[in-house]
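Student: Please pick one part of this structure and go through it closely. I would like the cut-offs behind each term as you use it.

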Amino acid sequence: MELVKAVDALWQRGWLPYDVREMVSRSLDESAASLVVDVIALSCSPHPAATVHPRWQRQLDEIGASVWWEGPLLEAWATRHIETMSYANRTAAELLKFLGRLPSLPQILPLPGDVLMSAVRAGLDPKVLNRVRGLLAKAESTAFPEEAEALSAKAQELMNRHALERAMLDADLPAEATSRRMWLDKSYFKEKAQLVHVVSEAFRSRAVAYDGFGFIALVGDEVDLESVELLSTSLLVQATRAMVAVGGRAGKGSEARSRPFRKSFLVSYASRIGERLEAMAAAPAAPDDPIASDERLLPVLADRKQAVDTLYEQMFTRTRTSRVTVRSAAGWGAGRAAADRADIGTGRNAVTSG
């Protein structure tokens, strides 16, 4: 099938399942997005689970890519969606043409069939991950700022402490860096990307924005990148909610409902969050902190930084600084105030996965 060959070629050009589905859904219609998911499933189905990277498999699960049909795909797809074969063929032709135009991206994961499970470096401990997700979900849903701050403070503490403890446990292993892609809504993409950038810096990572596509490429340690995704996602929810609330309290046609206000709000929010995260990182550790007092920590973090910088330079040979313009003083002030209320606090208590 030509579509399967086209998707296989995309894997060779650095694309991942979620990337392909996201690009198609943003550029074509729902039919093409549905069809490409099935094509992705067919492309990956021949490979045993033990030879598929866990992050690759999670993306397949997230987009719902599984072989649910028997026989030719297009016929089964047309029947399932109550469409004619003529329509299915037109959709397939349009999709094939679109996939063939996608450019190459840096290769960030082994292709299915190229990796053994034993060769994969683990990310956040599942128990810690579940606790963090639960805390952030509660922080995003509560209407009480003090409660949200306490919940997010605990989540940030868990992520940071777990990352440092894992660094010490892996001190005798070679430093490794990896990359992920974090897709954002295209609305106010550049402004939201600023927020992801400051969070990535706080977690010893680096970020590059692909404005034309709508994603951020992150480079860092596996555990740190999971933390970047979790905290960035939560802060984006909080920022959007605060921004909409300001507009909701304003009258129709007011500045608080304008695009310049919202852009300035998000830029200011990201700037203030960056200041707060930087201040937290610079805060002195408690004298009895077993991690901070361990003499091996600084060399381990230095090795990891070198690994991150090396991979970054290999992946991105040409980058440029992106600038955003602030045109609303009111939006800047409102964003800064909202960032002061955002929930990013951190503590220094020991962390376990229990």
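Tutor: Strand 1 and strand 3 run antiparallel and are joined by six bridges. Two strands count as paired if DSSP finds at least two bridges between them. Helices (H or I, at least four residues) and strands (E, at least two residues) are DSSP runs, numbered from the N terminus. The model is predicted, with local features needing pLDDT of at least 70 and side-chain atom pairs counting only at pLDDT 80 or more, while totals for chains, interfaces and linings use all residues. Residues are numbered from 1 along each chain as its sequence is written, and side-chain values use heavy atoms, with hydrogens and water left out.

Arg180 has Leu218 of strand 3 as its bridge partner, and Arg181 stands opposite Ala217. Ala217 is also the bridge partner of Val208, and strand 2 pairs with strand 3 in the antiparallel sense over five bridges. Strands of a sheet pair through backbone hydrogen bonds, in either a parallel or an antiparallel arrangement.

Together the three strands form an open sheet in the order 1-3-2, with antiparallel pairing. Strand 1 and strand 2 are the edge strands, each pairing on one side only. From one strand to the next, the twist averages 20°.

How many residues of strand 3 are buried? Six of the six are, so strand 3 is largely enclosed by the rest of the structure. Buried here means under 20% relative accessible area, exposed means over 50%, and partly exposed lies in between (1.4 Å probe, protein chains only). Phe215, Ala217 and Val219 point one way from strand 3, Ile216, Leu218 and Gly220 point the other way, and all are buried.

Axes are lines fitted to C-alpha atoms, for helices over the stretch in contact, and angles run from 0 to 180 degrees between N-to-C directions.

Helix 9 (residues 189-202) has 14 residues and reaches 20 Å from its first C-alpha to its last, close to the 20 Å expected at 1.5 Å a residue. That expected span is 1.5 Å times one less than the number of residues. The buried residues of helix 9 are Phe189, Glu191, Lys192, Ala193, Leu195, Val196, Val198, Val199 and Ser200. Contact, throughout, means heavy atoms within 4.5 Å.

Arg204 has a positive phi of about 60° although it is not a glycine. Most residues other than glycine have a negative phi. With a relative accessible area of 30%, Arg204 is partly exposed.

Helix 11 (residues 259-282) contains Lys263. Not counting residues up to four places away in sequence, Lys263 touches Tyr188 and Glu191, and Glu191 is one of the buried residues of helix 9. Lys263 has 28% relative accessibility and therefore counts as partly exposed. Lys263 and Val326 are 63 residues apart in sequence, with their C-alpha atoms 7.1 Å apart in space.

As for the setting, the chain has 13 helices and three strands. Of its 354 residues, 49% are buried. Among contacts with a separation of 6 or more, 80% are between residues 24 or more positions apart. The accessible surface comes to about 17600 Å², of which 53% belongs to carbon and sulfur atoms. Accessible areas come from the Shrake-Rupley method with a 1.4 Å probe, and for residues only the protein chains shown count as cover.
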